[in-house]
Amino acid sequence: KSHIEVDGIVASPYASGLAMCQENDDRIIVIEVGGSTTSVSFWYNGAFSGVKNVPIGGGHLTLSLSKELGISYADAERLKVLYGSAISYAYESDENVMAAVLDENDVLRMQQVSKSSINNIVQEKVAQLADLLNNQISESEFNDFSKKLDFGLTISCACFCFNSWFI
């Protein structure tokens with residue numbers, strides 16, 4: 001037994017915002033990409049103002065990689081974590097990695113997959129998610145909020161291979 005007592009439970013978007021915000025921040029938007037959903041939390045003067053959610057997360061990206069590259073879901077997750085990047089110049093060379101592929105006879109074989117093809121898919125899906133989030137925000141009560149950002153936008157991801165991204 002750990003002898004730890006829980007004082008309370010908070011929602012993940014709230015906890016992420018508390019970790020990201022500082023007292024002197026005027027307006028902050030924290031985007032947290034989870035496995036099956038993405039949350040956008042809004043903070044004003046260090047205080048939580050609200051949250052919006054979309055039903056798309058990192059698992060959807062893994063599924064896209066699996067389908068588009070013709071590889072197993074497990075390998076798609078591994079390649080996403082090891083090599084996936086939403087930054088366009090992350091892998092400019094056409095270096096290859098190995099992935100397990102189930103062929104038409106249900107035989108598992110190894111196949112080379114280029115890092116650039118992994119990132120092309122990641123970038124496309126992240127851009128689609130960004131468009132969806134932009135639409136969600138613009139149609140919400142926080143529309144004016146995002147136009148007046150003084151600091152920037154922070155994306156917190158457990159399912160992408162980057163810690164934070166400032167715009």
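Predicted model: local features only at pLDDT ≥ 70, side-chain atom pairs only at ≥ 80, totals over all residues.
Local features require pLDDT of at least 70 and side-chain atom pairs pLDDT 80 or more, while totals for chains, interfaces and linings use all residues. Residues are numbered from 1 along each chain as its sequence is written, and side-chain values use heavy atoms, without hydrogens or water.

Helix H2 spans residues 58-69 and helix H4 residues 115-138. Helices (H or I, at least four residues) and strands (E, at least two) are DSSP runs numbered from the N terminus. The axes of H2 and H4 come within 10 Å and cross at roughly 135°. The crossing is right-handed. Leu 61, Ser 64, Leu 65, Glu 68 and Leu 69 of H2 meet Ser 117, Ile 118, Ile 121, Val 122 and Lys 125 of H4 (contact: heavy atoms within 4.5 Å). Six residues of this contact are nonpolar, two polar and two charged.

The largest nonpolar core holds 16 residues. Such a core joins buried nonpolar residues (under 20% relative accessible area, 1.4 Å probe) through side-chain atoms within 4.5 Å. Leu 65, Leu 69, Ile 71, Leu 79, Val 113 and Ile 118 touch the most other members. H2, helix H3 (73-83), strand S4 (96-102) and H4 each supply at least two residues. H4 gives the most, four. Beyond its neighbours within four places in sequence, Ile 71 contacts residues including Leu 65, Leu 79, Val 101 and Val 113. Another core, of 10 residues, lies apart from the largest one. Among its members are Ile 29, Ile 31, Ile 137 and Phe 142.

Key:
Axes fitted to C-alpha atoms, helices over the stretch in contact; angles between N-to-C directions. Left-handed = near helix turned anticlockwise from the far one by under 90°. Nonpolar A, V, L, I, M, F, W, Y, C, P; charged D, E, K, R; others polar. Buried < 20%, exposed > 50% of the residue type's maximum accessible area, 1.4 Å probe, protein only.
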